[in-house]
Amino acid sequence: MKFEREYKECLDKLVWATQQLQVEVETTRLDEVAKLIVQPMTGPWRYFHTPQHIFEVGGSQDAIEVLASLFHDLVYVQVDWSINFGISYYIAPYIKEENNRLQIRAAEDLPFDILFDMTASIFGFAPETILNPFAGQNEFLSALVAVKALETILTPEHLFKITACIEATIPFRGPTEEGKSVSDCLYERLEQTNRRFQLQIPASELEETVKRAVRVANRDTISFTYPTPDFLSNTWNLLPETNHNLVDSSSSYRVREYRLAVQKMEGFMRSLKPELIFRQYKGEPEEEIYQITIEKASRNLEIAKLYLGTKLFAIAVIEALSLRIGIDIPLSTLMGELPYQNSLASHWENFIPDIPYAFPPQTEIEEEVMKLLEVGRTEDLSYDLKNSPLATFMVKAMGFDRILHQLPLAKDFFAGQLDSEAFIKACDPTVLEVVVNGIVKLLESRKQAICSSVES
């Protein structure tokens, strides 16, 4: 049912966009394209990069932006761990895999194809280029599928503009050493490609194409400006896309597996700068709107860093304790199953005292993070609690400052530069006692449940 609904919405957008571009095409042909798009986007690992995401990124005003957005996340190798069979048909003649890396074929092995050459030129790629998963691989392959799937429907000028918009969705890129922005560089490549392939697109239209691309790119990352609980819910939807074990093994994923997922996200958020998330090119967007966007993203990043750092320290304590039992302990063994899986089972938080704040939040950011830890993110998820009882208890008992002070020790522990017992010894003994007692009582409750079952 969900697939049918998303397929119908995709088809409606394709019909609308082609009508806006005054292109005559049979609905049966667009039906094929809609299925081509929706099938990979509804794969088992797609939690954030879904059909709903591409519908939102396209907006509803510009046909080129709508079409580019429908295709821009079609290929996502790190998430899908493969390329969907249906879209690989369009990719295989141009791309090969060698030493677990995707690479554009050598010039002599490539078919004569002006549209492929145009697409590669807009991305700044050439024959034998090794595609980097974090620097345009997925976007380039998605654009290639768009161009080949639409080549009998749209003009080369349309495909040129769609490709430019998809290229712009390569995220988090800073200026060049010469100080040129991502959009300046895109304009230069569009200008060169326009001249090389004699498309005769006026300079003013090239500028408008870059502005379109900026709008698409900014909508692609707009969740960084959402109200914080929604922003973090979107962030949590990214975790299972590249940490499949969180979903594969449900609540039986290992302590270390969960920690690695949080650790990667904490490192990612810490590396981000707001000016790398959003773009501005020749008044698009207007300065006031751009500044508001940057301010919202800046605030969310500060909250995310504190939130993720706190959760990372909390799971570090659990991981260090788990090593006293074994190296592959499921998180549910020490903390209890998720409530939705067994409402009768006990959970770690059932056995800890509700304590007052020993160190109340000192700033507006700390207050917001405390609320997120205690109350939770917006969405319930199948693989994790939306609130954080353990981190909440630790913040109440220790305060954010002491947790952040000890976070580097946790990272040393993760890196193998500090053994688990040394890390445990450095932890607050009072907090540690409560955590351990909670785990012991949880295990005792399971023992009682088993014994009562035997006795009956």
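The paragraphs below lead through the structure from its overall form to some of its details. The model is a predicted one, and its secondary structure comes to 22 helices and 2 strands.

For the 456 residues of this protein, a compact globule would have a radius of gyration near 23 Å, and the value of 25 Å found here agrees with that. Along the principal axes, the C-alpha atoms fill a box of roughly 80 × 50 × 40 Å. Of the 456 residues, 52% count as buried. Among the contacts with a separation of 6 or more, 72% are between residues 24 or more positions apart.

Strand β1, residues 95–98, and strand β2, residues 101–104, run antiparallel and are joined by 4 bridges, with Glu-98 standing opposite Arg-101 in β2. Together β1 and β2 form a hairpin with 2 residues between them, and Asn-99 in the turn has a positive phi of about 55°. Asn-100 is also placed in the loop between β1 and β2, and its phi is near 65°, a positive value in a residue other than glycine. With a relative accessible area of 74%, Asn-100 is exposed, since exposed residues are those over 50%.

In soluble globular proteins, nonpolar side chains tend to be buried together. The largest nonpolar core in this model has 74 residues, of which Ile-37, Leu-70, Phe-71, Ile-95, Phe-140 and Leu-154 touch the most other members. Helix α8, residues 137–150, gives the most to this core, with 9 residues. A second, separate core of 67 residues includes Met-265, Leu-301, Met-394 and Val-395.

Which residues does Phe-140 touch, not counting those up to four places away in sequence? They are Ile-95, Ile-104, Phe-116, Thr-119, Ala-120, Phe-123, Phe-125 and Leu-131. Phe-140 also belongs to one aromatic cluster together with Tyr-94, Phe-116, Phe-123 and Phe-125.

The count of aromatic pairs in the model comes to 14. One of these is formed by Phe-123 and Phe-125, whose rings are 5.7 Å apart from centre to centre and tilted, with 35° between the planes; both residues are buried. Phe-413 and Phe-423 form a pair that is stacked, at 5.5 Å centre to centre and with 10° between the planes. Because Phe-413 lies in helix α20 (residues 400–414) and Phe-423 in helix α21 (residues 420–426), this pair ties together parts that are 10 residues apart in sequence. Phe-413 is buried, with a relative accessible area of 8%, and Phe-423 counts as buried at 1%.

Lys-282 lies over the face of Tyr-187, at 6.0 Å from the ring centre, while the charged end of Lys-396 sits over the ring of Tyr-357, 5.5 Å from its centre.

Finally, some details of the backbone deserve attention. Most residues other than glycine have a negative phi, and most peptide bonds are trans. Phe-172, although it is not a glycine, has a positive phi of about 60°; Phe-172 lies in the loop between α9 (156–167) and α10 (182–196), and at 26% relative accessibility it counts as partly exposed. A cis peptide bond, with omega about -5°, joins Glu-284 and Pro-285, and Pro-285 is found in the loop between α15 (274–277) and α16 (287–322).

Definitions and conventions. Residues numbered from 1 in each chain as written. Predicted model: local features only at pLDDT ≥ 70, side-chain atom pairs only at ≥ 80, totals over all residues. Heavy atoms only, no water. Pairing = 2+ DSSP bridges. Core = buried A, V, L, I, M, F, W, Y, C linked by side-chain atoms within 4.5 Å. Buried < 20%, exposed > 50% of the residue type's maximum accessible area, 1.4 Å probe, protein only. Contact = heavy atoms within 4.5 Å. Phe/Tyr/Trp six-rings, centres within 6.5 Å; stacked < 30°, edge-to-face > 60°. Lys NZ or Arg CZ within 6 Å of the ring centre and 35° of its normal. Rg over C-alpha atoms; globule rule 2.2 N^0.38 Å.
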